[in-house]
Amino acid sequence: MRMLLAAVALTFVAGCAQGAVRAETPAAPPPPPSSSAAPASSAPPPPPPPPVVKPTPCAISDGACIQLSTNQTWVVRGDKIVYGPVPITHGRKGFETPLGDFPVLRKVKDEWSRPYNGPMPWSTYFTESGIAFHEGSLTEPSHGCIHLDPASARYYFQNLSIGETVQVVA
């Protein structure tokens, strides 16, 4: 037991000689953490998140973006792409798809075009004149609608809400 006490006393004295222990003054509390300087012994903070980049040509933060010149569309939420780019076809000469911002007006799962006598599955209308996203040919231009592949037409139908913005840019 005496040997143990002697070893502890020697350790204490050695620590005092090196300045590691100061018995004459109580230890000061550690300084509050600072955002500019981190203690050398702690791990570095994680890097900041990358800036939000929305690589679409549209100015909207939520809704659907259509770029006619590249035949592509995207669904965006909070300035982030959540679906796309998706290939499209759009209005042929004389039946051009209009440019601008439009609200989603209505949706019809199994629509039939009376003027053009053809199916329009998963129709999501966004103009009063009958322009809609729907399943259709990706090789033949439309009469103004935005043709999508079957899976994308269904996604747009299920994920765009009435009133949500569709922005069409050149």
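A nonpolar core is a set of buried Ala, Val, Leu, Ile, Met, Phe, Trp, Tyr and Cys residues joined through side-chain atoms within 4.5 Å. Buried here means under 20% relative accessible area, while exposed means over 50% and partly exposed lies in between, with a 1.4 Å probe and protein chains only. The structure above is a predicted model, in which local features need pLDDT of at least 70 and side-chain atom pairs count only at pLDDT 80 or more, whereas totals for chains, interfaces and linings use all residues. Residues are numbered from 1 along each chain as its sequence is written, and side-chain values use heavy atoms, with hydrogens and water left out.

The largest nonpolar core has 20 residues. Those with the most contacts inside this core are I66, F126, F133, I146, L148, Y156 and V166. At least two residues of the core come from each of β1 (63–67), β8 (146–148), α2 (150–159) and β9 (165–169). The largest share, three residues, is supplied by α2. These labels follow DSSP runs numbered from the N terminus: helices are H or I runs of at least four residues, and strands are E runs of at least two. In soluble globular proteins, nonpolar side chains tend to be buried together.

Contact means heavy atoms within 4.5 Å. Leaving aside neighbours within four places in sequence, L148 is in contact with T73, V86, P87, I88, F133, H134, E135, G136, L138, A153 and Y156.

The disulfide joins C58 to C65, with an S to S distance of 2.0 Å. The angle about the S-S bond is 80°, and the link of C58 and C65 is right-handed. C58 counts as buried because its relative accessibility is 6%, and C65 counts as buried at 0%. A further cysteine, C145, is buried with a relative accessible area of 10%.

Next comes the sheet. Strands of a sheet pair through backbone hydrogen bonds, either parallel or antiparallel. Two strands are taken to pair if DSSP finds at least two bridges between them. Four strands form an open sheet in the order β5-β6-β7-β8, and the pairing is mixed. β5 (106–113) and β8 stand at the edges with a single partner strand each, so one side of each has no neighbour in the sheet. From one strand to the next, the twist averages 30°.

β6 and β7 run antiparallel and are joined by two bridges. T124 stands opposite F133 in β7. The two strands form a hairpin with six residues between them, and G130 in the turn has a positive phi of about 100°. Strand β7 (residues 132–135) pairs with β8 in the parallel sense, over three bridges. E135 has L148 in β8 as its bridge partner, and H134 stands opposite H147 in β8.

Helix α2 lies across β5, β6 (118–125), β7 and β8, and runs at about 40° to β6. Such angles run from 0 to 180 degrees between N-to-C directions, and the axes are lines fitted to C-alpha atoms, for helices over the stretch in contact.

E140 lies in the loop between β7 and β8. Leaving aside neighbours within four places in sequence, E140 is in contact with T89 and H147. E140 and R92 are 48 residues apart in sequence, and their C-alpha atoms are 8.5 Å apart in space.

Which residue forms a salt bridge with E164? The partner is R77, the closest N and O atoms being 2.2 Å apart. A salt bridge is a side-chain nitrogen of Lys or Arg within 4 Å of a carboxyl oxygen of Asp or Glu, and by this rule the count comes to one. R77 lies in strand β2 (residues 72–77) and E164 in the loop between α2 and β9, so the pair ties together parts that are 87 residues apart in sequence. R77 is partly exposed, with a relative accessible area of 28%, whereas E164 counts as buried at 14%. Not counting residues up to four places away in sequence, E164 touches D62, G63, R77, F102, P103, V104 and N159.

Note on methods:
A disulfide is a pair of cysteine sulfur atoms within 2.5 Å.
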